[in-house]
Amino acid sequence: MKLWERRRIDRQVRLFIKSMPENYKIYTPKEQIISEILAANDWFITISKPMEVIREEVEKQFDMYVS
């Protein structure tokens, strides 16, 4: 994955987390939130990597900002 793609994923995950209601991340399963992030950013499919790799990067960024 290219550096600019990782940075853009990082930014989009950060913005999504900031826009979530306060208790949303507590009461909503992590997998559902990850799916919502992927759905909200339809440009992810233009990245030249398999969706599994993209999902792993999104999860990594999510864990970094939520934990």
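Start with the aromatic rings: the structure holds 1 aromatic pair. Rings of Phe, Tyr and Trp (its six-membered ring) pair if their centres lie within 6.5 Å; planes under 30 degrees apart are stacked, over 60 edge-to-face, the rest tilted. This is a predicted model, in which local features need pLDDT of at least 70 and side-chain atom pairs pLDDT 80 or more, while totals for chains, interfaces and linings use all residues. Residues are numbered from 1 along each chain as its sequence is written, and side-chain values use heavy atoms, without hydrogens and water.

The charged end of R8 sits over the ring of W43, 3.9 Å from its centre (the cut-offs are NZ of Lys or CZ of Arg within 6 Å of the ring centre and within 35 degrees of the ring normal).

Next, select residues 3-19, helix α1, which has 17 residues. Helices (H or I, at least four residues) and strands (E, at least two) are DSSP runs, numbered from the N terminus. Which residues of α1 are buried? They are E5, I9, D10, Q12, V13, F16 and I17, where buried means under 20% relative accessible area, exposed over 50% and partly exposed in between (1.4 Å probe, protein chains only). Show α2 (24-27), α3 (30-40) and α4 (51-66) as well: the buried residues of α1 pack against these helices.

Finally, show the whole chain. There are 4 helices and 0 strands. The C-alpha atoms fill a box of roughly 35 × 20 × 15 Å along the principal axes.

Terms used. Expected span 1.5 Å × (residues − 1). Contact = heavy atoms within 4.5 Å.
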